[in-house]
Amino acid sequence: MTVTDDTIAQCNAVTFASGQATSELMREFGKKIGFQETIDYPRFAENEAKGLNFFLVHGSIPDANKLRLIRALRSHPDVMRRFAPVVCLLSGGPRHQVVPLVEMGFDEVLFLVDSVDSMRAKLNAQLNHRLMYVQTSKYFGPDRRRIELVDRNDPRRKYGGSEFRRIMVVRNPTSGIETLEAL
């Protein structure tokens, strides 16, 4: 087992699926990736898993429901839920689907047709280093400017002139989630 495997093995996966078959697919995905435990949201809601939880949302859930879910997580009073990694899983399809999902506030979008090692690496990128979150009147989530293919100084990369907060987030499976408002 590699260090990467150990890191994910210290985290749980909480899944949101649109039906029994999709729910089973999500549990199998969690086992392949190597999460400590993979549980469906209804079971999580009854007895919340302790530790660092990844929230995994299947792409077949309607977009309005995905957005509602992200907003509920990002407004939760517990830092461990508000800043937890929220990941969308897509069965396949065109890669251009990623941009709207990142704009919704997902931390990462994975395609289930990709290799397990590739998906595990993307999930591990959510851990043990600083990530910037942005909060505006209409958005709260990871800094989505990372997906824009424009120059760093382009005016489109400036939060649209709105009031905003930048928050640095570090997620560590053993110590939890730390936040610091950035200047």
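Okay, let's start in the middle: the largest nonpolar core has 22 residues, and Phe-29, Phe-35, Phe-54, Leu-56 and Leu-123 touch the most other members. By nonpolar core I mean a set of buried Ala, Val, Leu, Ile, Met, Phe, Trp, Tyr and Cys residues joined through side-chain atoms within 4.5 Å. Buried is under 20% relative accessible area, exposed is over 50%, and partly exposed is in between, with a 1.4 Å probe and protein chains only.

Who supplies this core? Helix 2 (20-33), strand 3, strand 4, helix 7 and strand 8 (165-172) each give at least two residues. The largest share, three residues, comes from helix 2. Helices (H or I, at least four residues) and strands (E, at least two) are DSSP runs, numbered from the N terminus.

Before going on, the ground rules. This is a predicted model, where local features need pLDDT of at least 70, side-chain atom pairs count only at pLDDT 80 or more, and totals for chains, interfaces and linings use all residues. Residues are numbered from 1 along each chain as its sequence is written, and side-chain values use heavy atoms, leaving out hydrogens and water.

Back to Phe-29. Which residues is it in contact with, leaving aside neighbours within four places in sequence? Leu-56, Leu-89, Leu-110, Leu-112, Met-119 and Leu-123, with contact meaning heavy atoms within 4.5 Å. There's also a second, separate core of 20 residues, and that one includes Val-57, Leu-69, Val-86 and Leu-90. As general background, nonpolar side chains tend to be buried together in soluble globular proteins.

Now strand 3, residues 53-58. Six of its six residues are buried. Strand 3 pairs with strand 1 (residues 12-16) in the parallel sense over five bridges; for two strands to pair, DSSP has to find at least two bridges between them. In that pairing, Phe-16 has Val-57 as its bridge partner. Strand 4 also runs parallel to strand 3, joined by four bridges, and there His-58 stands opposite Leu-89.

On to the rings. Rings of Phe, Tyr and Trp (its six-membered ring) pair if their centres lie within 6.5 Å; planes under 30 degrees apart are stacked, over 60 edge-to-face, and the rest tilted. That rule gives eight aromatic pairs. Take Phe-83 and Tyr-133: centres 5.5 Å apart, planes at 70°, so edge-to-face. Phe-83 is in the loop between helix 5 (79-82) and strand 4 (86-90), while Tyr-133 is in strand 6 (residues 130-135), so this pair ties together parts 50 residues apart in sequence. Phe-83 is buried at 3% relative accessible area, and Tyr-133 is buried at 0%. Tyr-133 also pairs with Phe-140, with centres 6.3 Å apart and planes at 70°, so that's edge-to-face too. Phe-140 is buried at 13%. Elsewhere, ring pairs link Phe-16, Tyr-41, Phe-44 and Phe-55 into a cluster.

Asn-128 lies in the loop between helix 7 (116-124) and strand 6, and is partly exposed at 41%.

Last, confidence. pLDDT is the predictor's confidence in each residue, from 0 to 100. The protein chain averages 86, and 85% of the residues score at least 70. Strand 3 is highest, at a mean of 97, and helix 1 (residues 3-9) is lowest, at 67. Over residues 1-5 the pLDDT is below 50. Where pLDDT is low, the predicted coordinates should not be read in detail.
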